[in-house]
Amino acid sequence: MKQFYHFIIKEFYHIFRDRKTLLILLGMPMAQIVIFGFALSNEVKNAHITIVNQSNGAASMKLVQKIESSKYFETYNQTTQTSDIEKMFRKGTIKVALVIPPDFDNTILAQNNSRLQIISDATDPNVATTLTAYLSIIVADFQKELNQPNRIPYTIDVETRMMYNPQLKGAYNFVPGVMAMVLLLVCTLMTSLTVVREKELGNMEILLASPVNPLIIILAKAVPYLLLSIINISTILLLSYFVLDVPINGSLVLLFAVSILFILVSLALGLLISSVTDSQKAAMFISLIAMFLPTVMFSGFIFPIENMPLPLRTISNIIPAKWYFIIVKSVMIKGLGLTLIWKEVLILTGMMLFFFTMAIKKFKIRLS
Amino acid sequence: MEKFVSDKAAIVVSSVSKSYTTGKTVVKALDDISFEVERGSLFGLIGPDGAGKTTLFRILTSLLLFDKGQAMVDGFDVTTGYKAIRKRIGYMPGRFSLYTDLTVQENLNFFASIFETTIEENYDLIKAIYAQIEPFKDRRAGKLSGGMKQKLALSCALIHRPSVLFLDEPTTGVDAVSRKEFWDMLQTLKQEGITILVSTPYMDEANLCDKVALIQAGKILGINTPANITQQFPKTIYQVRNNHMHALLQEAKQWPFTEQIYPFGEYHHVVIRPGAAEPVFPPGIEAGRIHPGIEDVFIDLMRDHEQ
């Protein structure tokens, strides 16, 4: 026990004396939350639009005003020439254009039937679809207002309700994702590096020639990173709650408990990597390429797993972050309790035990 | 673990072979090595880089498995009794292997704790060594000079009072004064009854050992006390010198009595062909018979070995 205590003290010395790395470890989650929260967002806001209003009647002016007052669009350039549109698309100054033909006001009043044209830049198909949909909704809304006095018969009102995230905020999705990513980076990458560094620098040679139990060497490496990760989770949760207004609907204790479970999985994975590699380069490569990339791709955080072909969906099952991502979303956003996430918790527990056993089994009691 | 019967020898190596495979080539690091180290003695392994010294150290410290043979340290088999061995040996690898970001005292404390002892408990053993670096006890180990690093490493290797001490090239890269101090310390440790196996590429340090083994390309060329090694050398050696040392080196090869000639400091050493008559040197050459040193023996053994 005394050995273990001294080992942990030593690990803390290593961490605290490497100020730059410590700063990165503690600063990274904050930076990621801020970057994902404010810069990297797939929500569409203030998209540049050009409205080619060739009609200039009362109705068309009203429509233009309605579009301009929406937070989704920002009028970039007013023009009456349809030929200008393509120029602007080419320059990339606008994302979407709305053409109001000259007979718009006349036809809408005289024939109860008129036409509009939406042209959008589909180089980014998601943005184009979203913008077209938003614009169509505004037009439909406008049409409803026109019909107000004399309602047309047989209308179907579709009422949509966005459960758990009524404002469709991206933060609800990326905060759990960032948590999984940060924990994996800190735990898996840093732990594997710190053990392998001792091999590279020759410290391991003395440790192995001493009576220390390999279990102590391994577990002592994990403890400081466990504490660092708990600090990181706390900063992420504080930032997302107070800065990004992401609610914590479920039990905070449960959220921390499952996070610690995921930390243990990542630590075990890092220790396993360090047991089977001999150089920091190799450990870094495996952690980043073999662990980090699949986590980003297969956790469902950026690309929805449901849309993947079956082989990829199967692969996603062995990615611990996928299960953690599901758990965090369930607990934090949906406010579910343990009874509804026990399956995922069980899977993570199994993974943790497997990785820890492998890490200890693969730990070399001799050089090479 | 059953204790080995022979209590006289602290280290017993019999017919140990070890080869590495790098790519497709197989390198024989150790080739049928056998020797014994008496308890409480200072045994030197003398040989150039790449001779297999470090491999041998790693085998004896239970860090490396080997292909053939048997090795015992302090009565325990290095393969099956590795746990017992790791409790009773002190090991100082050739490369500085302490934590450079920990201070002198933190390093010593840490190594004391992993051997489940304290600095106080064995302070008398390391006092003479540690006292010299104690003024710098709050300095990080990475910022120490080469000589001080070695003293710290030796202190850490001794902190649990090992019965056998393994020192792999402890004086490489250390200044002459520190080297001398270091060897003085080894003599003191020997008085404490600790068996010491030390390797070095420096021939002059061989004279300070009780026994030396000359090792080259994975083979032991000879084992004896330093005095016997030179005394039993059967060949005659002259040192020669003139004003054109380089030309002399070429010229001397043509002399009928020359078996071998090589530069040696300010002189060249000429090994006389066995059975040759008393050598007569050409005029203008300062020549004199000398007692062979360890280097001369080693060079001769290496030459025989290569042939």
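The C-alpha centres of domain 1 and domain 2 of chain A are 47 Å apart. Keep in mind, as you look, that this is a predicted model. In the domain assignment of chain A, domain 1 is made of two stretches, 7-40 + 169-362, while domain 2 covers 47-147.

Let's turn to where chain A meets chain B. The contact draws 18 residues from chain A and 23 residues from chain B. On the chain A side, two elements give two or more residues each: helix 1 (2-17) and helix 8 (203-208) of chain A. Helix 1 of chain A is the one that gives the most, with 7 residues. Sorted by class, the side of chain A that touches chain B is made up of 7 nonpolar, 6 polar and 5 charged residues. For the complex, the predictor reports an ipTM of 0.85, together with a pTM of 0.81.

How confident is the predictor in chain B? Its mean pLDDT is 89, and 97% of the residues of chain B reach 70 or more. Among the elements of chain B, strand 7 (residues 164-167) has the highest confidence, at a mean of 95, and helix 9 (residues 294-306) has the lowest, at 82. One stretch to look at with care is residues 1-5 of chain B, where the pLDDT is below 50. Beyond near neighbours in sequence, these residues of chain B still have 8 contacts in the model.

Notes
Residues are numbered from 1 along each chain as its sequence is written. Chains are lettered from A and ligands numbered from 1 in the order in which they are written. This is a predicted model: local features need pLDDT of at least 70, side-chain atom pairs count only at pLDDT 80 or more; totals for chains, interfaces and linings use all residues. pLDDT is the predictor's confidence in each residue, from 0 to 100. Helices (H or I, at least four residues) and strands (E, at least two) are DSSP runs, numbered from the N terminus. Two residues are in contact if their C-beta atoms, placed from the backbone, lie within 7 Å. Ala, Val, Leu, Ile, Met, Phe, Trp, Tyr, Cys and Pro count as nonpolar, Asp, Glu, Lys and Arg as charged, and the others, Gly among them, as polar. Domain bounds come from an automatic or database domain assignment.
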